Amino acid sequence: MIKSVCGYCGVGCGLEFDTSKLVGDIAYPSNEGLVCKKGVSELHTMQTSSRLLRPYLRTAYNQPFELIAWDTSMKLIANKIRSSTPERIAFYLSGQMLSEDYYVANKLAKGFLGTSNVDTNSRTCMSSAVVAYQKVFGLDYVPVRMDDINSSDLLILVGANVAEAHVVFHNKIKKARKKGLKVIVIDPRFTSTAEHADLHIPLRPESDIDFFSLVALRLIEDKKINTHYIENHIEGFDTYLKKIKKLPKTKLLKRCDISKALFETFMQFFYNNENIISAWTMGLNQSVQGVDKNLALINMHLLSGKVDKKGNGVFSLTGQPNAMGGREVGGLSTTLAVHLGFDEASVKKVGEFWRSDNVASKPGLTAFEIIEVAERREIDVLIICHTDPIYHLPNRHRVEAAFKKIPFIVEINAYDDSQTKPFAHLRLPASPWGEKEGTQTNMDRTVTRQERLTRQSIDCKPDWEIFTMIAHAMGFKNAFNYNVAAEIFSEFQQMCRLSENQHLNFFDFEQETLKNGSFVWGDNLYKDHHYYTPSSKANLHFVQNLRQSEYSSLEYPFIILTGRTRDQWHSATKTGIVDSLTSYKPQSFVEIHPDDAKAYDIEEHQKIKVTTRRGSLLLHVSITDTIKKGCLFIPVTETGINYLTNDLLDPYSKQPDYNHSAAKIILYGVTSHI
Ligand code: SF4
């Protein structure tokens, strides 16, 4: 029996492999034996005809890919890097990579090539939450764990459809409800999660800040704020109070598009429950005001003092299995390594630790900024690992055009059918889940080992080994002298000691213990309400809805919402090939409210053309009253979805505004079944 961990979502369920099948690990705390269909299907995605199994090169887009030897491909990469300059080189990584993979890629780029243009697809997922945590508490630290819901009275889920995106966490919520937990879902859609809630608040898209401002005003008016907590642990209350009191309540409620009675019901839930956790994901994060939306929600908890005590707090849910591990290592271009920034002292410490005098000294390009710079033909080399930016970055026509201006794109991938493939020059075969080993951190700071379950496919290599080979080809053999993943993790553990406060206490356990268990880093960090800000107090930030997203208009009367479906993962490269996963919902469809369908004379399953200012898609219609009037929902498994989405970025987190694209529709085809 081999113990491992699921490589799909941020819940990070423990699994057991028994010669031919995967089952949930009963002893593992994150899931206690529970798993969803995706997790147990991972075995079926390893040996498939869609795997990339050999390195391939082509010299130009109109040339075919041809086999190339590994060592020749490494020399080629090294030559391309040498003939460029650090600011023209970029790495684009993934929350699917293990921490060891991330560590080596980050060390190579930021430590030895001198470029901090190292970003990850986690930028598009939870960077708004990272920035909000840093602004309020001074640290990228998720202070709530999944099991805390068992000590809570009320869970408020905002823009988070956990029943489809975090299935096992949702099962835990359902269990907790049986013991008395109340659940409120705030979402423009009556999602599968809302079906199991006590209250559903169908906010109009983009009105989240208005809603939380109303809540804050009510807490103040009703004298329900926690004055003791505010006086002792909050910075900025007086300024906040002056500003929030000027907001027009009637207008805020109108923008939320909910009744006064529904808002009152929410407030009664808030007042009648002592211990409250709020959890959120893309509905707040993926916005031009993603950070502000996070801050507005966190403010509700700060004002009421419902933070940092059992059963209370603010819980950002990460989408990917190792999104948090990437943050710890330094996979975002806005951090250097191990939660250190680019200040002089940190750069010096990191340089000494890595024994390099070429450490990057300023933040680098974020995901979409790489596109903006590539448009000016200022990126020479782009190395992409385990992610599919052509599929997932917004405004795809723009991204495709920018990619064509990059002279050398390396795609490291385990699968052969990415949307990025047509734009790559060199393609390197990576080991997928089950053929490699290393560690990952789930959404509640639990560090676990992913184990190798079968032999490695003959010409495939784990990501850390590929980045090590590139480092060797560049002449950095001594600094990248790794033979196994465990050596890299040991180095990372030691590096975590560089931080002054040493909150990232990875050095507090032996790797061996992960073989049969897990480790939770930074537990109870804010026990005494002592935060990592200069004043040790949490910062209260006044925010207001700046209405910068696209809004519906006469020409574009709909707003597109995007999200996951339960049994598929992103572009469905893996899950789409497993028969047992393909029956729940089709990969591509568009949901529309019955009144809107009637107004456009559209019937179920007909094809419509959905058009935004950036592109069009043909989609089959699914008519449902679970969606708010004036909204459309398209699942992210529709691989062309980003021809429609907007590339507006949050100014602080640089996270794209995926969920607020204004659209128009026309009937395109006659009835045909999906
Ligand atoms: Fe994997 Fe997430 Fe499903 Fe757990 S809930 S089995 S981590 S996809």
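Q: How do you know that the end-to-end distance of helix H3 (residues 99-113) agrees with its number of residues?
A: In this predicted model, the 15 residues of H3 should span 21 Å at 1.5 Å a residue, and the end C-alpha atoms are 20 Å apart, so the two values agree. The expected span is 1.5 Å times one less than the number of residues.

Q: What makes H3 count as mostly covered?
A: Of its 15 residues, 15 are buried, where buried means under 20% relative accessible area. Just after H3, Gly114 takes a positive phi of about 75°.

Q: Why is Asp148 called buried?
A: Its relative accessibility is 13%, and the cut-off for buried is under 20%; therefore Asp148 counts as buried. Asp148 sits in the loop between helix H4 (123-137) and strand S8 (154-158).

Q: What makes the approach of the Asp148 side chain to the backbone nitrogen of Arg145 a polar contact?
A: The side chain of Asp148 reaches that nitrogen at 2.8 Å, and a polar contact requires a pair of N or O atoms within 3.5 Å.

Q: How do you know that Asp148 and Gly311 are apart in sequence, and what is their C-alpha to C-alpha distance in space?
A: They are separated by 163 residues in sequence, and their C-alpha atoms are 5.2 Å apart. Gly311 is also in contact with Asp148, as are Pro143, Ile277 and Lys310, leaving aside neighbours within four places in sequence.

Q: Why is Ser571 called buried?
A: Ser571 has 14% relative accessibility, and buried means under 20%, so Ser571 counts as buried. Ser571 belongs to the loop between strand S21 (558-563) and strand S22 (590-592).

Q: What makes the pair Ser571 and Thr573 a polar contact?
A: Their side chains meet at 3.0 Å, and the limit for such a contact is within 3.5 Å. Not counting residues up to four places away in sequence, Ser571 touches Asp388, Tyr391, Gln587 and Thr639.

Q: Which residues have the most contacts inside the largest nonpolar core?
A: They are Phe91, Phe211, Phe266 and Phe467, in a core of 162 residues. Helix H7 (residues 208-221) gives the most to this core, with 9 residues. Apart from this core lies another, of 23 residues, among them Ala90, Ala367, Leu382 and Ile384. In soluble globular proteins, nonpolar side chains tend to be buried together.

Q: Which residues does Phe266 touch, not counting those up to four places away in sequence?
A: Phe266 touches Ile156, Ile184, Ile186, Leu199, Ile201, Phe211, Val215 and Met300; contact here means heavy atoms within 4.5 Å.

Key:
Residues are numbered from 1 along each chain as its sequence is written. This is a predicted model: local features need pLDDT of at least 70, side-chain atom pairs count only at pLDDT 80 or more; totals for chains, interfaces and linings use all residues. Side-chain values use heavy atoms; hydrogens and water are left out. Helices (H or I, at least four residues) and strands (E, at least two) are DSSP runs, numbered from the N terminus. Buried means under 20% relative accessible area, exposed over 50%, partly exposed in between (1.4 Å probe, protein chains only). A polar contact is a pair of N or O atoms within 3.5 Å; within protein, one must be able to donate a hydrogen and the other to accept it, and residues adjacent in sequence count only if both atoms are side-chain atoms. A nonpolar core is a set of buried Ala, Val, Leu, Ile, Met, Phe, Trp, Tyr and Cys residues joined through side-chain atoms within 4.5 Å.
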